[in-house]
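Student: Can we go through this protein together, one question at a time? I'd like to learn how to read it.

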Amino acid sequence: MQKKFGAKKPEIGELSKISDRVTFLYLEHAKLNRVDSAISVVDSQGTVYIPAAIISVLFLGPGVDVTHRAMELMGEAGMSVVWVGEEGVRQYAHGRALNHSSTLLQAQAKLVSNNRSRLKVARKMYQMRFPGIDVSNLTMQQLRGKEGARVRKVYQEQSQKTGVSWSRREYKVDDFEASTPINQALTAAHQALYGLSYSVIVALGASAGLGFVHTGHDLSFVYDFSDLYKAEYSIPIAFEVVKEYGKEDISTHTRYAMRDAFKDGRLIERMVKDLKYLLDVEDQTEVKAVMNLWDDKKGLQKFGVQYHELGE
């Protein structure tokens, strides 16, 4: 009998729940390998070992070399992997997460494919941002107007609170350093929020591209979902970082501040509940993947059964 090396592949039930994991980790200029059920990270300062099952999303920045064995472990452990630019301020590619169930994906596709149900979900998103106002009869144009006014007010309030000057949101996609310190901080903060939002969406088996408000982009739903939390997380944190550190290493300080806020606010747990609420999926700890065959007359049929032609 051939000997098998390394740790056995974990069962889904053995892994940490999405809501219980550490939010995210950013790495650059390091070599990643696998040691049993941990990722070994080797850089100029030494070696550390990271238990794969406790990380929600791993940002791989410039200068990272990762082995096939390490990627294998990340996939087995359900860790979302995102390849990003320097300091995590751009997103280039991503890897598949754990959940193999299509329950949320089917619900999402059904809701987004009908104008009435799509509008209903969009209104639910705006209602979460306006808890004291009934938005059930507002058009999308009216909702966008109210949201724009709300965000402008948040910027102004944070500027007054922190003393950080604010005029408008502006940045160059290809030149992070060209914008003002507060715009750099906002870019870094939003990017961290996008990464976490993306991680939760794909980890639960939903689609990052099927947006209800945003559309036409492979991350449309990520932008939809992250907008629910910007006024509470990324915007105030960006202003606080600039207030405390000025121009000094803004992206790093912002990323650390966002990471700590995600952890302290248990944002992953909240995101899991919010996502299931938006897609009208029963709130259960994990969505179990069950394979069936579809039949236009009999409904779902058992998978793995040898079916014969009628009359045989």
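Tutor: Helices (H or I, at least four residues) and strands (E, at least two) are DSSP runs, numbered from the N terminus. This is a predicted model, where local features need pLDDT of at least 70, side-chain atom pairs count only at pLDDT 80 or more, and totals for chains, interfaces and linings use all residues. Residues are numbered from 1 along each chain as its sequence is written, and side-chain values use heavy atoms, with hydrogens and water left out.

Student: What is the average pLDDT of the protein?

Tutor: pLDDT is the predictor's confidence in each residue, from 0 to 100. Here 77% of the residues score at least 70. The average over the protein is 82.

Student: And where is confidence lowest and where is it highest, among the helices and strands?

Tutor: Strand 9 (residues 292-295) has the lowest confidence, with a mean of 60. At the other end, with a mean of 96, is helix 7 (residues 234-245).

Student: How many residues of helix 5 are buried?

Tutor: Helix 5 covers residues 181-203 and has 23 residues. It's mostly covered, and the number buried is 22.

Student: How far does helix 5 reach from its first C-alpha to its last?

Tutor: The expected span of a helix is 1.5 Å times one less than its number of residues. For helix 5 that gives 33 Å, and the model comes close to it. The reach is 33 Å.

Student: Which residues touch the most other members of the largest nonpolar core?

Tutor: A nonpolar core is a set of buried Ala, Val, Leu, Ile, Met, Phe, Trp, Tyr and Cys residues joined through side-chain atoms within 4.5 Å. The largest one has 57 residues, and helix 5 gives the most to it, with 12. Another core of 17 residues lies apart from it, with Leu-27 and Val-81 among them. In the largest core, the residues touching the most other members are Phe-262 and Leu-275.

Student: Which residue of strand 7 is the bridge partner of Leu-60?

Tutor: Strand 7 (residues 80-84) has 4 of its 5 residues buried. Two strands pair if DSSP finds at least two bridges between them, and 4 bridges join strand 5 (residues 55-60) to strand 7, the two running parallel. Leu-60's partner is Trp-83.

Student: How many salt bridges does a search of the whole structure find?

Tutor: Side chains of opposite charge can pair when their charged atoms come close. A salt bridge is a side-chain nitrogen of Lys or Arg within 4 Å of a carboxyl oxygen of Asp or Glu. The search finds 13.

Student: Which residues are linked with Arg-34 in a network of salt bridges?

Tutor: Arg-34 pairs with Glu-72, their closest N and O atoms being 3.4 Å apart. That pair links distant parts of the chain, strand 2 (residues 30-35) and helix 1 (residues 68-77), 38 residues apart. Arg-34 is buried at 10% relative accessible area, while Glu-72 is partly exposed at 29%. The residues linked with Arg-34 in the network are Arg-69 and Glu-72.

Student: Which residue does Arg-129 meet in a salt bridge?

Tutor: Arg-129 is in helix 3 (residues 115-129) and its partner is in helix 4, so the pair ties together parts 18 residues apart in sequence. Both partners are buried. With 2.9 Å from N to O, the partner is Glu-147.

Student: Is His-29 buried or exposed?

Tutor: Most residues other than glycine have a negative phi, and most peptide bonds are trans. His-29 has a positive phi of about 50 degrees although it is not a glycine, and it's found in the loop between strand 1 (22-27) and strand 2. With a relative accessible area of 52%, His-29 is exposed.

Conventions: Buried < 20%, exposed > 50% of the residue type's maximum accessible area, 1.4 Å probe, protein only.
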